[in-house]
Amino acid sequence: MIREGERFAGEFREATWDEALDLVASRLADYRGEAFGTLCSAKATNEDGYVQQKFARLVMGSNNIDHCTRLCHAPSVAAMLTSLGSGATSNSYTDYENAGCLVVMGCDPTSNHPVAASRMRRAVVERGAKLIVINPRRIDMCDYADLWLRPYPGTDVALLNAMAHVVVAEGLADDGFVDGRTEGYDDWRAVIDGYTPERASAITGVAAEDIRAGARMVARPPVPRHGDADSDRGGACLIWGMGLTQHTNGTANVHSALNLALVTGQMGFPGSGISPLRGQNNVQGCGDAGCVPDSLPGYQGLLPESVEKFGRAWQAAGALPDQPGRVVTDMVDSIGEAGGVQAMYITGENPLLSEPDLNRAEGLFRKLDFLVVQDIFMHETAELADVILPATSFAEKDGTFTNSERRVQRVRQAVEPVGESRPDWAIIGELAARLCDLLGLPWREQFAFQDPCEIFVEMAGLTPQLAGISYGRLDAEGGIQWPCPTPDHPGTSYLYRDGFPRGDRAKFVGYEQGPVAVETPTERFPLVLNTGRVLYHWHGGTMTRRVGGLLARMPELEVSINPVDGERFGLRDGGRVRVRSRRGELSGVARYTYRMRTGEVFIPFVRLNDSAANFLTNAVYDPDSRIPEYKVCAVRVDAEG
Ligand SMILES: Nc1nc2c(c(=O)[nH]1)N[C@H]1C(S)=C(S)[C@@H](COP(=O)(O)OP(=O)(O)OC[C@H]3O[C@@H](n4cnc5c(=O)[nH]c(N)nc54)[C@H](O)[C@@H]3O)O[C@H]1N2
Ligand SMILES: Nc1nc2c(c(=O)[nH]1)N[C@H]1C(S)=C(S)[C@@H](COP(=O)(O)OP(=O)(O)OC[C@H]3O[C@@H](n4cnc5c(=O)[nH]c(N)nc54)[C@H](O)[C@@H]3O)O[C@H]1N2
Ligand SMILES: [Mo]
């Protein structure tokens, strides 16, 4: 569809593919280099992502390429790259079932990873694993937990440092692992020595005895009953989500968790490991395929040898941009600035519901010179677009996805595409060819893929961690976990049995507990807002709001609040409320629940009846990873009407 008339206001009209693609090519021709930015889709296939980053780098000459990982596990990836040299989950789902202890931190698996959650429950109920939940909110998993640690939001560094302190103080450290396989221990010790359980208790609100009990469980888990693991050592899996990452101290939180895994030696054997629970179905693969601003496919950084390798393969010696591009949050902030992003191409993301501080974000998007949205549905961002291109969904195309345990799996076309929609890779390939013709660029042939298999062959050939994987093997064997360097390699179920990608040793990186948030409660905004998800909706709801059965489960935006706060602020359970922050407001329905601590409210970030949590949230970022502080801002709640 092409917008007619006034920008942001005129009506869309249907266009032919030729007309739309010619228009996009002719407009984008003016924005090569720094002025171009693209958001890739963690819903689309590896092949889609590979073609999109190739288009951005080769034809548009820009490394301004990113995706929702920036709003999600960017701190995990940053911390794991520093400490270990790889940003991936180290273990497999089966390790949860073979673990002696599961530490579930800052995530709500029953709602958000229900399949993984059922494995976790099996470990606890059938195999006697210990379960530690670390969460300010009482999640369903607390029903099964041996220990529920309930820190104040944003205080996990103090809590995890104190658990490590106890491990060291009580002689529970894995000395063999620390001496033989790590570095940076002494500097880190100097940091955690200050975190006695008593001091951490004052910061976090968690009882000192509970901190000690948690530390002992992580360091000395029981050996699971009926485990498949042939080990007589009980392992611990450290599992985390957005409650650790979406803070201005997100990277510090994840480093603190990794340090605890290192000092207890909990990686590199069955039933152990570190698991950032990934979000979108293909967010692992989207990063693997190179849809990030600072590395080429397979996390090959922008070193001269890598840039040269891709330049040679793509017949573009000397033509690829070699400086890191902007991440999502910085792309959006730069719109309208001199030297900033002026034209954007967004596939399968809806930033005007997922970015923080939506009033501000929309103001910035309105400064774009040109916006293309390629999606399977109409949404808030598309409503501002100049051109909308219809893509096919996962069920209508072939390709591969890579899940949280690094398993590359085939997705096969099951139904015919709706209308004239086309796969993402095919749309972008066609656009690339048109831009090459228009500008006389020599790379038309670089996008002449006939099917996704050809794309995979090229990607695997340039990406050592995928080099041994092929469609033939995936068809014959099922999913294969990378790294898989050669065709006879079986794939890798858990990482770090021997070395680490960064070298022989993993690195302790100590952090002090910083300020818990940029915005803390005041008299005018007395409550802390925590945002996240619910089982029945997916993110802003672009997809789930269209499903009657799901909408029926949650038709109104629910504001979860402790009844004591409800009384204090004159609300009524089930009554309409208005929630305000310094940046915006929304209307919802009060839901009284003792799952919430007093002083804290929870709102999912789905948009229902024109209300959405991101009108309230704060666009401040973790300095290391640039993730926004979605989990803490100050709000007030008043009865409406
Ligand atoms: N049904 C459904 N499932 C989904 C999604 C969806 O939209 N709907 N989205 C997918 C995506 S992309 C992702 S990234 C995952 C996310 O999965 P989760 O990480 O489970 O997502 P959140 O709902 O953001 O939950 C974060 C949890 O952190 C807690 N928390 C908040 N602040 C703190 C803190 O300071 N410390 C600690 N320890 N905990 C804190 C919250 O109470 C909440 O329970 O879910 C995926 N699965
Ligand atoms: N307040 C608050 N905000 C948050 C978070 C939070 O916890 N709190 N979490 C953040 C996190 S972790 C994430 S991951 C982001 C998610 O933010 P987004 O990625 O913006 O959200 P989605 O709604 O999942 O967008 C996916 C889009 O892809 C489209 N789509 C599906 N399949 C395909 C396909 O095959 N091709 C194409 N082209 N399109 C397709 C869907 O229609 C949908 O519009 O939100 C972030 N924002
Ligand atoms: Mo996510």
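Visitor: Buried means under 20% relative accessible area, exposed means over 50%, and partly exposed lies in between (1.4 Å probe, protein chains only). With that settled, which residues of β14 point which way?

Guide: Phe370, Val372 and Gln374 point to one side of β14. Leu371, Val373 and Asp375 point to the other side, and all are buried. In a regular strand, side chains alternate between the two faces of the sheet.

Visitor: Before we go on, what kind of model is this?

Guide: It is a predicted model: local features need pLDDT of at least 70, side-chain atom pairs count only at pLDDT 80 or more, and totals for chains, interfaces and linings use all residues. Residues are numbered from 1 along each chain as its sequence is written, chains are lettered from A and ligands numbered from 1 in the order in which they are written, and side-chain values use heavy atoms, with hydrogens and water left out.

Visitor: Which strands pair with β14?

Guide: β13 (residues 343-347) pairs with β14 in the parallel sense over 5 bridges. β14 also pairs with β15, again parallel, over 4 bridges. Two strands pair if DSSP finds at least two bridges between them.

Visitor: Which residues stand opposite each other there?

Guide: Isoleucine 346 faces valine 373 in β14. Aspartate 375 stands opposite proline 390 in β15.

Visitor: Zooming out. How many helices and strands are in the chain?

Guide: The protein chain has 23 helices and 27 strands. Of its 641 residues, 62% count as buried.

Visitor: What is the radius of gyration?

Guide: The protein chain has 24 Å. A compact globule with 641 residues would be near 26 Å, so the value agrees. The radius is taken over C-alpha atoms, and the globule rule is 2.2 Å times the number of residues to the power 0.38. Along its principal axes, the C-alpha trace spans about 70 × 65 × 45 Å.

Visitor: Which strands make the barrel?

Guide: The closed barrel has 6 strands, in the order β20-β24-β21-β23-β22-β27, and the pairing is mixed. Neighbouring strands of this sheet are turned by 45° against each other on average, direction ignored. Axes are lines fitted to C-alpha atoms, for helices over the stretch in contact, and angles run from 0 to 180 degrees between N-to-C directions.

Visitor: How do β20 and β24 pair?

Guide: In the parallel sense, over 5 bridges, with β24 covering residues 600-604. Asparagine 530 stands opposite phenylalanine 602 in β24.

Visitor: New topic. How many salt bridges does the structure hold?

Guide: It holds 47 salt bridges. A salt bridge is a side-chain nitrogen of Lys or Arg within 4 Å of a carboxyl oxygen of Asp or Glu.

Visitor: Which partner does arginine 434 have?

Guide: Aspartate 22, at 3.0 Å, N to O. The pair links distant parts of the chain, 412 residues apart: arginine 434 is in helix α19 (residues 424-439), aspartate 22 in helix α1 (residues 17-28).

Visitor: Is arginine 434 buried or exposed?

Guide: Arginine 434 counts as buried because its relative accessible area is 16%. Aspartate 22 has 43%, so it counts as partly exposed.

Visitor: What about arginine 410?

Guide: Its side chain meets aspartate 398 in a salt bridge (3.4 Å, N to O). Arginine 410 lies in strand β17 (residues 407-411), aspartate 398 in the loop between β15 (387-390) and β16 (399-402), so the bridge ties together parts that are 12 residues apart in sequence.

Visitor: Which residues form a salt-bridge network?

Guide: Glu556, Arg576, Arg578, Arg580, Glu585, Arg636, Asp638 and Glu640 are joined into one network by salt bridges that share partners.

Visitor: Last one. Which residues make the nonpolar surface patch?

Guide: Ile376, Phe377, Trp538 and Met543 make a patch of about 300 Å². Patches are made of residues with over 30% relative accessible area and no salt bridge: like charges are joined within 9 Å, nonpolar side chains (Val, Leu, Ile, Met, Phe, Trp, Tyr) within 5 Å. Areas come from the Shrake-Rupley method with a 1.4 Å probe; for residues, only the protein chains shown count as cover.

Visitor: Where is methionine 543?

Guide: In the loop between β20 (527-532) and α22 (548-553). Methionine 543 has 31% relative accessibility, so it counts as partly exposed.

Methods
Helix = DSSP H or I, 4+ residues; strand = E, 2+ residues; numbered from the N terminus.
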